[in-house]
Amino acid sequence: MTKIFNFLKSSKVSIAILILTFFLIYWRVPTIFFVQDELLVLGLIKDQGKDYIFRGFDGSSIHITPLLNLLNYFLFNVFKLNHFVYGTLGFLIHLMNGLLTYALVLKITKKRDLAWLGTLLFFSSSAASQLVMWPMV
């Protein structure tokens, strides 16, 4: 039994298991249709055009995020309403954030068990599409 736990503590195996867990939790996300916020953002881009990039500087929004607005504008002009692309991009960003969570907890605590647990909690804290899709809006 100790050999199994030692094997699971290896970095490569831990990361592989975390990635597999992530895919098991979120495998359907790229096929989920947009929720209200994604449609609102895409509608604003369609309505405001390039002005959407600087939205917020004029007081029209409490969120002043020109780089995210630029990314959204670019993605909309390339992919239009292809929700699979947005879902996949959000999915990959969430996976990357989870792996960064693993690296951060491991660096702070120097304990692989805590890093593994922290990442599993991050990945599974909400299997809803919002957790994955919000970075894309």
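**View 1. Val78 in helix α4 of the predicted model.** Val78 lies in helix α4, which covers residues 66-79. The structure shown is a predicted model. With a relative accessible area of 44%, Val78 is classed as partly exposed, because this value falls between the limits of 20% for buried and 50% for exposed residues.

View 2. Apart from neighbours within four places in sequence, Tyr73 is in contact with Ile45, Gly49, Lys50 and Ile53. Tyr73 and Lys46 are separated by 27 residues in sequence, while their C-alpha atoms are 9.0 Å apart in space.

**View 3. Helix α5 from end to end.** Helix α5 is formed by residues 83-109, 27 residues in total. The distance from its first C-alpha to its last is 39 Å, close to the 39 Å expected at 1.5 Å a residue. After α5 comes Lys110, which has a positive phi, near 60°.

**View 4. Buried residues of helix α5.** The buried residues in α5 include Val85, Tyr86, Gly87, Gly90, Phe91 and His94. Leu95, Gly98, Thr101 and Tyr102 of α5 are buried as well. An α-helix has 3.6 residues a turn, so residues three or four places apart point the same way.

Terms used: Residues are numbered from 1 along each chain as its sequence is written. This is a predicted model: local features need pLDDT of at least 70, side-chain atom pairs count only at pLDDT 80 or more; totals for chains, interfaces and linings use all residues. Side-chain values use heavy atoms; hydrogens and water are left out. Helices (H or I, at least four residues) and strands (E, at least two) are DSSP runs, numbered from the N terminus. Buried means under 20% relative accessible area, exposed over 50%, partly exposed in between (1.4 Å probe, protein chains only). The expected span of a helix is 1.5 Å times one less than its number of residues. Contact means heavy atoms within 4.5 Å.
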